[in-house]
Amino acid sequence: MQNRLFNILKIAAIAAGLALLAGSPADAKFVTDQAGRRVEIPDRPQRVVSLAPSITEIVFALGREQILKGVTSYSDFPPEASGLPRVGSYVRLDLERIIELRPDLCIAVKDGNPKAAVDRLQALGVPVYALDPRSVPTVIQAILEMGAMLNAEDRAERLVREMRSRIDRVTAKLVGTGHRPRVFFQIGDAPIVSVGTNTFAHELIGLAGGHNVAAGSAAYPRFNREQVLALAPDVIVISSMDRAGSIERTRQEWGRWPSVPAVRSGRIHLVDSDIFDRPSPRLVEGLEQLAGFIHPEIFGGFK
Amino acid sequence: MKTAIETNDLSHAFGGRPVIDRVSLTIAAGDFFVIIGPNGSGKTTLMKLMCGILNTGPGRIAIFGRDLRSYSHRSLARTIAYVPQTLEVSFPFTVQEAVLLGRTPHQNLLGIPREADLEAARRAMATTGVEHLADRKLDQLSGGEQQRASIARALCQEPDIILLDEPTASLDLSHQLRLMDLMEALKQEKAVTVVMVSHDVNLAAMYADRLLLLSNGKIAELGPPADVLTPRSLEAAYGCRLMVDESPFGGWPRVTLVPGKFRL
Amino acid sequence: MTVSSAPLIKRLLLAAASLSVVLAAALVAALSSGSGGDGILRSLSVVTGQGAPDPALETIVWRIRLPRALLAALAGGALSLGGLVFQALLRNPLAEPYILGIAGGSAIGAIIGILLGLSHFPGVSLCAFLGSLATLVLIVAMSTGQSLVKKDALLLSGVMVNAFCAAVIMFLVSMTQDARLHNIIFWLMGDLSSADGRAVATLAAILAPCFGGIFLFSHAMNLLLMGNDMARSMGLHLRSVTAALLVVTSLMVSAVVSYSGLIGFVGLVIPHLLRFVWGPDHRVLVPACILGGGAYLTACDILARSLPDQGEMPAGVITALIGAPLFIFLLKKTRR
């Protein structure tokens, strides 16, 4: 009996000691994340879980994929990300799978991940840093902050410089062009849904020298066919997460309405939605594509 | 002679219509009292008023000399038992369980049955002849068996007054007689006051000490059967031709309907 | 059925004992299954305290799975009990705990909370609770005086209010176009994933007195089954008992719904199932529903978590998929 008690005390002492060592405060720092939360994050994180596909893309772009231990579903870019363990979707995080991976840092997106799940993770002892990228400048800021967190500052600076120069190349060539073609950016088919002012697509259309005819306070406004006809867009960009034949069908459906300028001039383009709605470095690619659609006379045709 | 039930100017309206209109009567303890009258005359309403199921408006009811409203629900349930015309069987109990429910006024909140309760239930079921059906569900019984189970439940309340609403309506002839004989035996052996609403005028005449003929919520006639069952009063109440003579057993009147094809 | 003719106390003890065992087994199973961990045996070893310590697995079992399993047990018990009480009050085998407008009112409250961007607990929960209180008050006001005990009037008011609320809900849903739509749908389908220790403790504190109070009324519910007139004639204070049961049960169900959304078919099916086995005496059925309903929902939630390859289904989907055929089967067995 006494022997057993002594053994238990021994184990408890060792465990306490290990715990003390493992959770040593000298290796962590307090920061304020982009959602205004104060979090304690490790100086050199070794096990990171990404809670959104855009975060996954940025981690790979910063060359820090070796510390990435788990990602949410739809983390499909770059292709190597598909091999990483899944922790649920970013609207329904699988807490058990996250805990199982023993992360020392999780990176979240403020207006995507549910706050309740993030709070629970924090309560269970997992530090969660929330980013809030809402526009191209804040995406760039987020990339820099992630670079700082993941000990990849140099890589982050280089990436941001490259992004800025590609953006400048587009905007520089647009100086002096008088007109802004009317652009209808369609993201849904039944019902027809477009993009309002508080979206990346809207910002990119503006940067690419176009005018988003669906601009307004509603983020994803619904239109009926008649309303789009009345808006008379010069360019229609069809973006869908559903990569199968359905967006081709949508393009063909427009062919029945030749009163629309975009249909008459054949300026209907299909795009991969990810580069227009994910707050990641690939937004620049989206910008370049849009510039080609909207001002082909300046940028040569993009497919 | 104790008075079991006394009403004074009792009235009750339903949706503005008067259903019972200034009824004053006394029922002596140990009486076999039968209420007859055409449909819609207020018989069931009067019965429900007497056992406190319906709340009275103007008028007063006294049970054994005390105002009905002064009784607690429990003590009233120990004094008067009510047997309705039909049973609700949406979630049917077994006969034993249903009969045991009658012990509620004698039990605590959860009604856990003690030996005395089980004994009372056994005796009640034996009296009404349903003990062999103790484990059968109520919805598996015939109308007559359900009626007898219902009476057994009422007996478990150990009441001084038992009210029955048209108990013979769904019974065949032999069971009708058995039921009336049972009520007679209760009256004789246990001094229970029996108050019954009946459709069957002749059956009522055979057993009742006093009859009440109710018409449009008012007392048309009240008294021993011979006084109440006269052609004049019956025709006025029921609106059809009748003949009244004396039953071959002697002692009470016999009412016969006169069909249209006969001429007196 | 021999079981339902056994003496009352024996039946009560047998039901309580057997269903407690079933509930305990369901809880252990719930603690041992989930998307994390290396499988059932490994999780089981954490539960029993043997084997090498594994902090990640222990966090999963005790701080994620346990609150959720307890929430499922509490919600399942309360919903079953709610269904039992309403079936007795309304003398209607189709009665279920949401029937008196609670479904509609709480859903509208919750949707408004979600649209306002409130957090699930306490924001959305409180809104859902207030919503169901509002519909309860509305229904009681619609059924004034006598109608409170006229079961059909109450039922009809409840059905009408629920139908109206359904229209409002459709309107709100059609106006929502963003990610909050997802949250709304999950709430409407019933969702136990928001459980944490504090929420579960609060809910248990609310439900425990409700369970106890309703148990004290179990014999009164037996009397109610015989009809209003009979119940009154046997000494029951009909209006106060009906009002008390109505209020306590509505509060109980509203509290559960504000945590877990609209999980259906538990309150409808479990009382019938238990009545089929143990008979209609509420003194046995009340504890049986609490224990049996808890075990049932815990088991359904295990399925909800483990059936899909990725992620989980809402618990309400599982209870509907199992409950609907089960209900049809039971109805056929008990009606002739």
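**Note on helix packing and chain contacts**

1. In chain C, α5(C) and α8(C) are roughly antiparallel to each other. The reason is the crossing angle: the two axes cross at roughly 155°, and angles over 145 degrees therefore count as roughly antiparallel. This is a predicted model.

2. Look next at where the two helices sit. Helix α5 of chain C covers residues 102–115, and helix α8 of chain C covers residues 180–189. Their axes come within 10 Å. The crossing of α5(C) and α8(C) is right-handed.

3. Which residues make the contact of α5(C) with α8(C)? From α5(C) come C:A107, C:A110, C:I111, C:I114 and C:L115. From α8(C) come C:R180, C:N183, C:I184, C:W187 and C:L188. By class, this contact has eight nonpolar residues, one polar and one charged.

4. Now the contact between chains B and C. Chain B gives 28 residues and chain C gives 26 residues. On the side of chain B, α2 (73–79) and β6 (80–83) each supply at least two residues. The largest share comes from α2(B), with four residues. The side of chain B that touches chain C holds 16 nonpolar, seven polar and five charged residues.

5. Chain A also touches chain C. Here 19 residues come from chain A and 19 residues from chain C. On the side of chain A, α3 (95–100) and α4 (115–123) give two or more residues. Five residues, the largest share, come from α3(A). How does the side of chain A that touches chain C divide by class, and what are the counts? There are seven nonpolar, three polar and nine charged residues.

Notes. Residues are numbered from 1 along each chain as its sequence is written. Chains are lettered from A and ligands numbered from 1 in the order in which they are written. This is a predicted model: local features need pLDDT of at least 70, side-chain atom pairs count only at pLDDT 80 or more; totals for chains, interfaces and linings use all residues. Two residues are in contact if their C-beta atoms, placed from the backbone, lie within 7 Å. Ala, Val, Leu, Ile, Met, Phe, Trp, Tyr, Cys and Pro count as nonpolar, Asp, Glu, Lys and Arg as charged, and the others, Gly among them, as polar. Axes are lines fitted to C-alpha atoms, for helices over the stretch in contact, and angles run from 0 to 180 degrees between N-to-C directions. Angles under 35 degrees count as roughly parallel, over 145 as roughly antiparallel, 65 to 115 as roughly perpendicular and the rest as oblique. A crossing is left-handed if the near helix is turned anticlockwise from the far one by less than a right angle, and right-handed if clockwise.
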